[in-house]
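Colleague: I have a protein to go through with you. Could you take me around it?

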Amino acid sequence: GTLHLPAQFDEARGRAFVEAIAGEAVARGFDRVLSPSHFLAEGLLDPWFQTDICHCAMLRDALDRANGKHIAIDYCLIIEEAKLRDDAVRSAIISQLAPLPFENLVLRASHFGADTAAPKLRNVINMLDRLAAIGRPVIVDHVGGLVGRALLAFGVASGVAHGLDEHLRFDATPWNRPPKETPEEDEGRH
């Protein structure tokens, strides 16, 4: 596979990308799609953030033009949990996401999950309470167990998504590693 960079997604390529998603969603009768998004390793300053924002807006336009006005968009914010605890970062993210045409915010917070201890959970509850200022339901992905129930009980999450004994915690650490070459790829370079 090829590693893509944000600079490669100019407007024409981005538009073609989301038009393919819209066409597939309409053809298959979907009622909801996830907007393309990436792990924001650098937080608010990550170059993928602006690309993802543009793709979300373009996806709504592409869906509408493809006879998919009824298809909802969910936006997946994939970021380190610690970065979201910073009020300035969270406020900036909220201000940039708020005008986008999505229905649910899906939060995948790295280093947060079912095994989170009480002090960190308390911080995340406060953070999610402030994130609710975006004015849309927040679905917390990769968290279950008592931690997931606590988020629901405190009313800071509208839902949680997880598997049974799997996907109870999200860790983006491996996402930062370059892909390993397969022997076939390595041979092709000589």
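Modeller: Gladly, and please keep in mind that this is a predicted model.

Colleague: Which rings are they, and how are they tilted?

Modeller: The rings belong to Tyr75 and Phe102, and because their centres are 5.7 Å apart while their planes meet at 35°, the pair counts as tilted. Tyr75 lies in strand β3 and Phe102 in the loop between α4 and β4, so the pair ties together parts that are 27 residues apart in sequence.

Colleague: Are Tyr75 and Phe102 buried or exposed?

Modeller: Both Tyr75 and Phe102 are buried.

Colleague: Switching to α1, which of its residues are buried?

Modeller: Helix α1 covers residues 11-27, and in α1 the residues Gly14, Val18, Ala22 and Ala25 are buried. They lie on the same side of α1, because they cover an arc of only 65° around the axis.

Colleague: Why would residues spaced like that point the same way?

Modeller: An α-helix has 3.6 residues a turn, so residues three or four places apart point the same way.

Colleague: And what do the buried residues of α1 pack against?

Modeller: The buried residues of α1 pack against β1 and α2, whereas the face turned away from that buried side carries the exposed residues Ala12 and Ala27.

Colleague: What about the whole protein, how many helices and strands are there?

Modeller: The protein has seven helices and eight strands, and 42% of its 190 residues count as buried.

Terms used: Residues are numbered from 1 along each chain as its sequence is written. This is a predicted model: local features need pLDDT of at least 70, side-chain atom pairs count only at pLDDT 80 or more; totals for chains, interfaces and linings use all residues. Side-chain values use heavy atoms; hydrogens and water are left out. Helices (H or I, at least four residues) and strands (E, at least two) are DSSP runs, numbered from the N terminus. Buried means under 20% relative accessible area, exposed over 50%, partly exposed in between (1.4 Å probe, protein chains only). Rings of Phe, Tyr and Trp (its six-membered ring) pair if their centres lie within 6.5 Å; planes under 30 degrees apart count as stacked, over 60 as edge-to-face and the rest as tilted. The expected span of a helix is 1.5 Å times one less than its number of residues. The arc is that of the directions from the helix axis to the C-beta atoms. Contact means heavy atoms within 4.5 Å.
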